[in-house]
Amino acid sequence: MSAPGTCAVPPFHRVQAWSRLFASTCLLGLWSCQCSDASITRLPVTVKGTLCHPVTGAPAAGQTLVAENGAQQWSQDTGDDGNAQLLRVEGGEITVRILHRARVGGDPVHDSIFRYATRDGQTVDVVDPACLVFPLAEGTGGIQGTFCRGSTPRYATLALSDGTQRITDTDTSGHFLFADVPPGDHLLHLRSSDFSRTYPIYVQSGQISHLQVGSCTPPDENTGVIAGQLCATNGAGPWALATVSVELPNGDVRSDLTDIDGQFLLDGITPGTHDVMVRGGGESMDLTATVASGETSWVQPQATCEAPDPTETGQIRGQLCDPVTRGWLAGAVVHTTQGAVTFLDHTDELGMFHLAGLSPGEVEVQVDRAAYHHSFTVPVTAGETVLVADGECVPPTGQCLTEELPVERAIPLQVMLVVDKSGSMAEDGLDGNKWDSAVRGVVAVTRDLQNEAAFGLTLFPGGDSAQGQCDTGRVAVPMSLANARAIEEALVSSVPGGGTPTASTVHAVHQHFADTGLTTTTVVILATDGVPNCNHGLDPYSCHCPAEGCGGDGRLCMDDDGTLASIATLAEYGVRTFVIGLPGSEDPSDVLGRMAQAGGTSASADDGYYRPQSTEELVEDMASIVRRNHACRFELSSTPNDPGRVQVRLDGVVVQRDPARRSGWDLLGERGLEVYGPPCQELRAGTGHTLAVEYCVD
């Protein structure tokens, strides 16, 4: 017998009755029964996803997946594989949030928020915008990027080539993504309350296109802006998707991408005269801008870069050969002048060039590369493209080969650990004695990662606990792979004592690098529990002294200027310094934050340096620094006989050469090759990625 207000349903019909979720009555046909709303059970929704570390972009533990429907909330933290799954979520309109954390158990660093109108029994697959790699439907691609300009909220709208549109919010860190995008050329529109730009973007099947617009570091109110509009030098109209960048005196780099109108904007620029570098599509341009606080400097006239009328102008496309080697003429300047306008392009690795927007008639084209000069005349007709093949190219002599470079062949990152062993390190902090905790943390990291990075160890001060208390630190263990045991022995045989000669120690590390040479990407991790001192040249009666005073001893003065100068000089040498402040390092002048800034690093957007509160957090911080800075530098088996004909592919997709070394690849010396930016991150993310290099040898 059925309970009051319910219907007894024969087994054969239960699926049908279960699926009628929005009916207020059920007409069962074979028997008579009136069903109330309360008797209808809704199938729950499942929400699942792979969540990633907000810095590394790899699947990570400790991230949280949350679903809400206004009245209830469901949440789960990810395991080691980065996966989380919420079962029996009540369907309908739900909000899904991802709480990203830089460390397990730490505070969220940003949220990603999604809204879904779900069907009963539906499984919602959440794609985390922090992930560098995410699943794609067969035959589609993806678009992933960061939009950090303007005030929140920020939106990304994708106008597809078929006329349809998609729109998404960015998360609080500016991340956005579009998955399962059909291949082809599309337009990506980014906007906020005070910013609106449109960018062309090409999507390839099975690949993820990346786009970053603006700096994610908020500008200082005492800074200015550099803006402008650039035209393509070959006459094709606005120069879109060129990278415009300025390196600030502190080593920070501000960059932006030109949009479909060739416009760009760089904010947060310190007052003064700056070099502005423009790179894109094989072209480069160097400009100069003088910036005043609170003002906008235009580096180019606000000219109109309209695309040429294809019915009134013509184009020249060509491929040129080197008359000496009879190979492709790469890197040559191809140009012509009509009236007051100069049209200019550079030949690529295959000797190809393109000039557009030319007035009809006989056009004299000039070709220049070093001592080589050549000219030829081309008849141009309105509305047509003239194809030019100047010279006959023959296959190069020697052997051409394709070399596959798995990520395991990358030259390991070099890490110099500079560890404070001053007297205050014997005090309590972290998990008991600070020195013992630091030793445990360094030993754990070097053991776990000794085959991934070449670690070295410098201890300061260099003297023992009783003598030489301001001696400059010394390199106790040179950088190499598989040396965790040597580092452990050097640490356990040391006793904390003395002062904190940070400036002279960083200078000594710099000198060590200069003497031994650097073979790959190198970073310094500086762990200290106190502000720098031990500068005998400082006046104890006018310098900045700690709370207890200097007592007439200049060695107790805070040596911030000297330390900042040493770290900045090391950064100019190409070695960045990451600063870890152990308990006891707090200082009102934020000297450690300024040290991290001078070193060109930052723990987060709001904190200049790392502040672990336990040995576990210390290990996580150091491991995160190592993994974030993994190099993608390789040594080729042979020396390319023509650098202009080297071609690099990542998973079959061509990666462009980038002499600015920000996103792409470049050659280093005779046989070195390094991949930079998003291609390096993608190569390092997960497994199964293949880097193939095509080149010829004599």
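This is a predicted model: local features need pLDDT of at least 70, side-chain atom pairs count only at pLDDT 80 or more; totals for chains, interfaces and linings use all residues.
**Entry 1: a cis bond**
I looked up the peptide bond between Phe-460 and Pro-461 and found it to be cis, with omega at about 5 degrees. Then I checked where Pro-461 sits: it is in the loop between β31 (453-460) and β32 (474-480).

**Entry 2: positive phi values**
I went through two residues here. Arg-88 is not a glycine, yet its phi is positive, near 55 degrees. I found Arg-88 in strand β4, which covers residues 83-89. Is Arg-88 buried or exposed? Its relative accessible area is 64%, so I put it down as exposed, the cut-off for that being over 50%.

Next I turned to Leu-430, also a non-glycine residue with a positive phi, about 55 degrees. Leu-430 lies in the loop between β30 (413-420) and α2 (434-449). Its relative accessibility is 14%, so I noted Leu-430 as buried, since buried means under 20%.

**Entry 3: α4 and α5**
I then looked at helix α4 (residues 502-516) and helix α5 (residues 560-572), whose axes come within 8 Å and cross at roughly 20 degrees. The crossing of α4 past α5 is left-handed.

I listed who makes the contact: on the α4 side, Thr-502, Ala-503, Val-506, His-507, His-510 and Phe-513; on the α5 side, Gly-562, Thr-563, Ser-566, Ile-567, Thr-569 and Leu-570. Sorting the contact by class, I got five nonpolar residues, seven polar ones and no charged ones.

Key:
Residues are numbered from 1 along each chain as its sequence is written. Side-chain values use heavy atoms; hydrogens and water are left out. Helices (H or I, at least four residues) and strands (E, at least two) are DSSP runs, numbered from the N terminus. Buried means under 20% relative accessible area, exposed over 50%, partly exposed in between (1.4 Å probe, protein chains only). Axes are lines fitted to C-alpha atoms, for helices over the stretch in contact, and angles run from 0 to 180 degrees between N-to-C directions. A crossing is left-handed if the near helix is turned anticlockwise from the far one by less than a right angle, and right-handed if clockwise. Contact means heavy atoms within 4.5 Å. Ala, Val, Leu, Ile, Met, Phe, Trp, Tyr, Cys and Pro count as nonpolar, Asp, Glu, Lys and Arg as charged, and the others, Gly among them, as polar.
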